[in-house]
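This report walks through selected features of one protein model. Please look over the sequence and the 3D view before reading on.

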Amino acid sequence: MKKLAVLLIALALTSCGNKYKDTKNTASDYQIIPKPVSVTQKDGRFLVDKTIIMGDEALRNEAEYLSQLLTIASGKKVSYAPGGTRLGSVIHLGIDESIEGEEGYTLKVTNKEIIISGKTSKGVFYGIQTLRQLLPANSEKQSVAELTIPAVEIHDNPNYQYRGMHLDVARHFFPADFIKKYIDLLAMHKMNTFHWHLTEDQGWRIEIKKYPKLTEIGAYRNGTIVGHYPGTENDNKKYGGFYTQDEIKEIVQYAADRHITVIPEIELPGHSSAAIAAYPELSCFPEEPTEVPNDMMSEKSKELQENGINKVVQESWGVYNDVYCAGKEETFEFLQNVLDEVIPLFPSKYIHIGGDECPKANWERCPNCQKRINDEGLADEHELQSYFIQRIEKYLNAKGKRIIGWDEILEGGLAPNATVMSWRGEKGGIESAKQQHDVIMTPNHSCYFDHYQDKDKENEPLAIGGLTTVEDVYNYNPHPEELSAEESKYILGAQANVWTEYIGTTDYVEYMILPRMTALSEVVWVANDTKNWDDFKSRLSAFKDRYDALGLNYAKHVFEDKPTEEKSTSTEE
Ligand SMILES: [Zn+2]
């Protein structure tokens, strides 16, 4: 009798579809973030059993990604078999030119098959990410007994072409494995850009073979202030690290496999203390000792300075006067040589050159800088900064790269082809769009994930300040009302920035980005007028199970029932 039952089930599976073919699905089966443009709920479920993935060789990367995902989730081998014979159910991956948008896709699930089509392989990848969210959350890391997927038809396409996350690895350094984890998180959220902030006053993090001291000296500081700036003391612990060029190549490839572009940031002309510690001649005043504010310098650095080593890697936070000298030709030679090694590592069309927070005090009293102002007929030090940026832009443009800079690059005149990242609110972004320059919105009030995320700051880990709740992020609209429809075309998208002065561990990074990044992923994917906080919040509750399954450390405030919250409007830094 038992044998007969098994035989009947086997027959049922092979001849007339699976036993889930008439299952009634409910809205709770389709909790997807970011919300797709259209989701049509259907009856029946696809059973992952003797399933193979078919599709063109050009989609091998996506097929193998999906294969890995479903093999873990189902506990059964789901292979990519482009020319294979079907024994059970099939998932087809394909390119469909008729799909709207470079990153658009359709996903059709029936009880018999799954079809994922993209205009490009990018779209196919996003279709796979959506399929992933139709699987039970607990299948992220371990198999479920019988893996089924609810039938559905989804058409989807992002609203913004630039969907980014930034990470400062200079104030604090995070190992290559964590960078990959971060990239995996971006992929899960259909983000397409990772902005990697690699150089700072407090550390230089990228190996440059022509200038070995950048990492021998510049990648390590002799101590760090304790507590919030200006600090209570110096911990006197050597701190640092860097990525080798081989590690960077591996990470860039890892990201590319997940359709994520990595944009490196090499800060200039400010935030350059670490480079200057390695090569003091880059400073206007190589003999002037590095100052750590409020007498917070480490014992080791004091000792070095007593022995005539004037420049040290910065140990406190903030903005420093000791910047690259804009008068010396050697500065440009150095930066061009650095960029010559950066360019081949990053296929991205953009290189971020910083351009923010560059005090002009040293330039004002440096004979070389003053001579440059005179020789070039510049009005003042702001035009000297503009000269600096434009000269670097010209160099990079000639190498086929474009620059992105923080909104300070507007001061003294924008470089002709520059894209502007608007961080001091939206003002710089609005001004740049009016000047017909591309803009990426990263306003501090909505997109600074180093801010506190709950008003009860006493019970939060130390942060830089501010207050940006998940809801604040969700309510952000990257299109400012001040812009006309024509001007709005210059807004490429938005990004959140994760500055890490006070974020010293990978756990804390996760806590600061989740779930705010999940909110941002919807901001940059859907049209603003289709957003709905309550609807998002209910999908977020389901998404949270995925954080749990993946063992992520996320902030829980938004999931706690709290008495009516005051609306947070803080924009303080
Ligand atoms: Zn100078």
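## Salt bridges

Across the whole structure, a search finds 35 salt bridges. A salt bridge here is a side-chain nitrogen of Lys or Arg within 4 Å of a carboxyl oxygen of Asp or Glu. Side chains of opposite charge can pair when their charged atoms come close. The model is predicted, so local features need pLDDT of at least 70 and side-chain atom pairs count only at pLDDT 80 or more, while totals for chains, interfaces and linings use all residues. Residues are numbered from 1 along each chain as its sequence is written, and side-chain values use heavy atoms, with hydrogens and water left out.

One of the salt bridges joins D22 and K21, whose closest N and O atoms are 3.4 Å apart. D22 is exposed at 55% relative accessibility, and K21 is partly exposed at 32%. Another salt bridge is formed by D375 and K371, at 2.8 Å from N to O. Both residues are in helix 11, four residues apart, which is about one turn of the helix. D375 and K371 are both exposed. Helices (H or I, at least four residues) and strands (E, at least two) are DSSP runs, numbered from the N terminus.

E411 and R424 also form a salt bridge, with 3.1 Å between the closest N and O atoms. This pair links distant parts of the chain, 13 residues apart: E411 is in the loop between strand 18 (402–406) and strand 19 (419–422), and R424 is in the loop between strand 19 and helix 13 (427–434). E411 is partly exposed at 29% relative accessibility, and R424 is partly exposed at 38%.

## The zinc site

Which residues coordinate the zinc ion? The SG atoms of C284, C325, C366 and C369 do so, at 2.2 to 2.4 Å. Donors are N, O and S atoms within 2.8 Å of the metal (3.2 Å for Na, K and Ca); water is not among the atoms, so sites may look incomplete. The angles among the four donor atoms are 106 to 114 degrees, and the site is tetrahedral. Four donors count as tetrahedral if all angles lie between 85 and 135 degrees; four count as square planar and six as octahedral if opposite donors are over 155 degrees apart and all others between 65 and 115; anything else is irregular.

Along the sequence, the spacing of the donor residues is C-x40-C-x40-C-x2-C. C284 is in the loop between helix 7 (273–278) and helix 8 (299–306), and C369 is in helix 11 (residues 367–375), so this pair ties together parts that are 85 residues apart in sequence. C284 is buried, with a relative accessible area of 7%, and C369 is buried at 0%.

R205 is in the loop between strand 11 (203–204) and helix 5 (213–216). Is R205 buried or exposed? R205 is buried, yet it has no salt bridge, and D168, the nearest side chain of opposite charge, is 6.8 Å away. Lys and Arg count as positive and Asp and Glu as negative; His and the chain ends are not counted. The R205 side chain does reach the backbone oxygen of A219, at 2.7 Å.

S117 is in strand 6 (residues 113–118) and is buried at 12% relative accessibility. Not counting residues up to four places away in sequence, S117 touches several residues, including G94, D96 and V124. Contact means heavy atoms within 4.5 Å.

## Backbone features

Most residues other than glycine have a negative phi, and most peptide bonds are trans. A cis peptide bond joins Y229 and P230, with omega about 5 degrees. P230 is in the loop between strand 13 (225–226) and strand 14 (233–234). L514 and P515 are also joined by a cis peptide bond, with omega about 5 degrees.

K50 is not a glycine, but its phi is positive, near 50 degrees. K50 is exposed, with a relative accessible area of 55%. H259, also not a glycine, has a positive phi of about 60 degrees. H259 is buried at 13% relative accessibility.

Methods. Buried means under 20% relative accessible area, exposed over 50%, partly exposed in between (1.4 Å probe, protein chains only). A polar contact is a pair of N or O atoms within 3.5 Å; within protein, one must be able to donate a hydrogen and the other to accept it, and residues adjacent in sequence count only if both atoms are side-chain atoms.
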